[in-house]
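User: I am new to this structure and would like to learn how to read its features one at a time. Could you show me the general idea for each feature, and then the case here?

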Amino acid sequence: GQRASPSPSATPKRPVAEAAARSQPGTDDGEEDAAPFASCWDADSVAAPAPPDADVESEMRRLYLDGIGKLVDGEEVKAFVAAKDVVALDSLPTGELARLLTATNSKSELPALPEHLTPLTALVAPREALRRIKSGEWTSEMGPMVTRPDSESDALGITRPPWHSFADVLTKSGEKRKIKPGAMLKCADLNGISKGDRRADWIFREFARPPEEREHLLNCIHKTEASDFFGTMGDAPIASMPTALREANLSEPLAGVREGWWRTPTGAGPPLFLLFSMQGTSMSYHVDLWATAVLYHILWGAKMFVCAPPTAVNLRLLQQWQELNEPSEHPDFPGKLESAQVLTLTAGQSLLLPSGWIHAVFTPLDSCVLGWNWQPKQQLPAALSIVRASWGEMTKEIRQEQRAFPISELTKSMWTLLVELTRELGRAGAPSLTRQQANLVRALASYLCKRCNVTPREVKQQPHEVLARADKLLAHTVAGE
């Protein structure tokens, strides 16, 4: 596990799900005025920080110093070094190099970095990452996992497209697993010259230009569609996430529900996002749209992530900032984010970012990244509280435009899951739940007690009975603590 927050988030001591349900039947709108952020984070489950790796940090510093040389004005570098009272640029701590690379870069969208920033340098073997996911021990409190590059004997299991550079992405002759020249890709120009979707062949012509000759600063984050490719995506998927992650994703075991959490209409698992980014581009602080976990895999280039755990303190800071429409200057955000980390991914590495983690991204080298949103069951305590919260008008508009699923279907999925859990955990009479199990049951009951009017067929006549079973399990667990 990795370092996370010592935030003293309190865990409710007595279950009250059934009583709350009877007094507040609720709706399926997915928002509440006062989100219970305290239930997002179990401070007592935070893993001890893994030992740092000096070689990884050395490579991280080399990448940052190279990026500073290419992207930051020389006078800004001199002023920054002088203000930090060090003799030379390479005397700065790693976190301060990250700050110089991003916050003083005039083209960066990052308003600032947290005041306290710890480099995450402990890498995880792919096989160990899969073991943690399969066993269910990878909770949000365990923190991000950055994997070592795959080897023949130890691989994460991502099926990658046959691309090695931007020149390989397009097809001119109908090849499968390559993009049509005329496909329209979601693309932002951080120089503000062009807006909206652009043709793939235009985008990759721009990437082919040397950085010093570029007029546009492009960052493409595109959810793949069947129309982007020749043939069918089912016959030749451009890439696929590891089997272990698909099996742990809630959309897979809950296939009986019409639409699941980030499930494709064909049931082929979470959709693939392609990220094509020019050096110097960035994405500001956010939690992914429905607070899901994320898998990123770097095909080439590099990415720098600034991450902070979903503690009550951090989520309220993010909420305040987003409700003000994300101003470039704020007295507390992101400066006061607690337990923030900076990490770097290079070619062949993957990042497994847990549900609910706040993150911002900077691109020090032209990059191509594969990305998937997915939701492991054990991370629902973080995700459901965030889904219930209001995040300002910008996020509301994005959710309305890019709905991964109807919120009512999410709610029905959670009812189905709670029914399965209470039956499974109750078979042994009155078992004592593990801390993880108790947190999960409590999170589901807390979410569903205000949504008794939105149930799947098997729960239609008995939502209060399901919540009563959850209360009974939790009461026994509390009594045994």
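Analyst: What follows is a short walk through bonds, packing and backbone features.

Analyst: This is a predicted model, in which local features need pLDDT of at least 70 and side-chain atom pairs count only at pLDDT 80 or more, while totals for chains, interfaces and linings use all residues. Residues are numbered from 1 along each chain as its sequence is written, and side-chain values use heavy atoms, with hydrogens and water left out.

User: How many disulfides does a search of the whole structure find?

Analyst: In general, a disulfide is a covalent bond between the sulfur atoms of two cysteines. Here the term is applied to a pair of cysteine sulfur atoms within 2.5 Å, and searching the whole structure gives zero disulfides.

User: Are cysteine 220 and cysteine 368 buried or exposed?

Analyst: Relative accessible area decides this, with buried meaning under 20%, exposed over 50% and partly exposed in between, for a 1.4 Å probe and protein chains only. Cysteine 220 counts as buried because its relative accessibility is 0%, and cysteine 368 counts as buried because its relative accessibility is also 0%.

User: How many salt bridges does the structure hold, and which residue meets aspartate 42 in one of them?

Analyst: A salt bridge is a side-chain nitrogen of Lys or Arg within 4 Å of a carboxyl oxygen of Asp or Glu, and the structure holds 17 of them. In one, the side chain of aspartate 42 meets that of arginine 435, at 2.5 Å from N to O. This pair links distant parts of the chain, 393 residues apart, with aspartate 42 in the loop between helix H1 (17-23) and helix H2 (54-71) and arginine 435 in helix H12 (residues 435-448). The helices and strands named here are DSSP runs numbered from the N terminus, where helices are H or I of at least four residues and strands are E of at least two. Aspartate 42 is buried, at a relative accessible area of 4%, whereas arginine 435 is partly exposed, at 37%.

User: Which other aspartate forms a salt bridge with arginine 435?

Analyst: Arginine 435 also forms a salt bridge with aspartate 44, their closest N and O atoms being 3.1 Å apart. Because arginine 435 lies in helix H12 and aspartate 44 in the loop between H1 and H2, the pair ties together parts that are 391 residues apart in sequence. Aspartate 44 counts as exposed, at 64% relative accessibility.

User: Which residue forms a salt bridge with lysine 336?

Analyst: Lysine 336 pairs with glutamate 115 in a salt bridge whose closest N and O atoms are 3.5 Å apart. Lysine 336 is in the loop between helix H8 (312-323) and strand E10 (340-346), and glutamate 115 is in the loop between helix H4 (94-103) and strand E1 (117-119), so the pair ties together parts that are 221 residues apart in sequence. Lysine 336 is partly exposed, with a relative accessible area of 43%, and glutamate 115 counts as partly exposed at 44%.

User: At what angle do helix H3 and H4 pack?

Analyst: As a general idea, two packed helices are described by the angle between their axes and the distance between the axes. The axes are lines fitted to C-alpha atoms, for helices over the stretch in contact, and the angles run from 0 to 180 degrees between N-to-C directions. Helix H3 (residues 74-84) packs with H4 at an angle of about 145°, and their axes are 11 Å apart. Counting contact as heavy atoms within 4.5 Å, Glu76, Val77, Phe80 and Lys84 in H3 meet Glu96, Arg99 and Leu100 in H4.

User: Where is a cis peptide bond found, and what is phi for arginine 177 and glutamate 326?

Analyst: Most residues other than glycine have a negative phi, and most peptide bonds are trans. In this model a cis peptide bond joins phenylalanine 333 and proline 334, with omega about 0°, and proline 334 is placed in the loop between H8 and E10. Arginine 177, which is not a glycine, has a positive phi near 65° and is found in the loop between strand E2 (145-146) and strand E3 (184-185). Glutamate 326 likewise has a positive phi, of about 55°, and its place is in the loop between H8 and E10.
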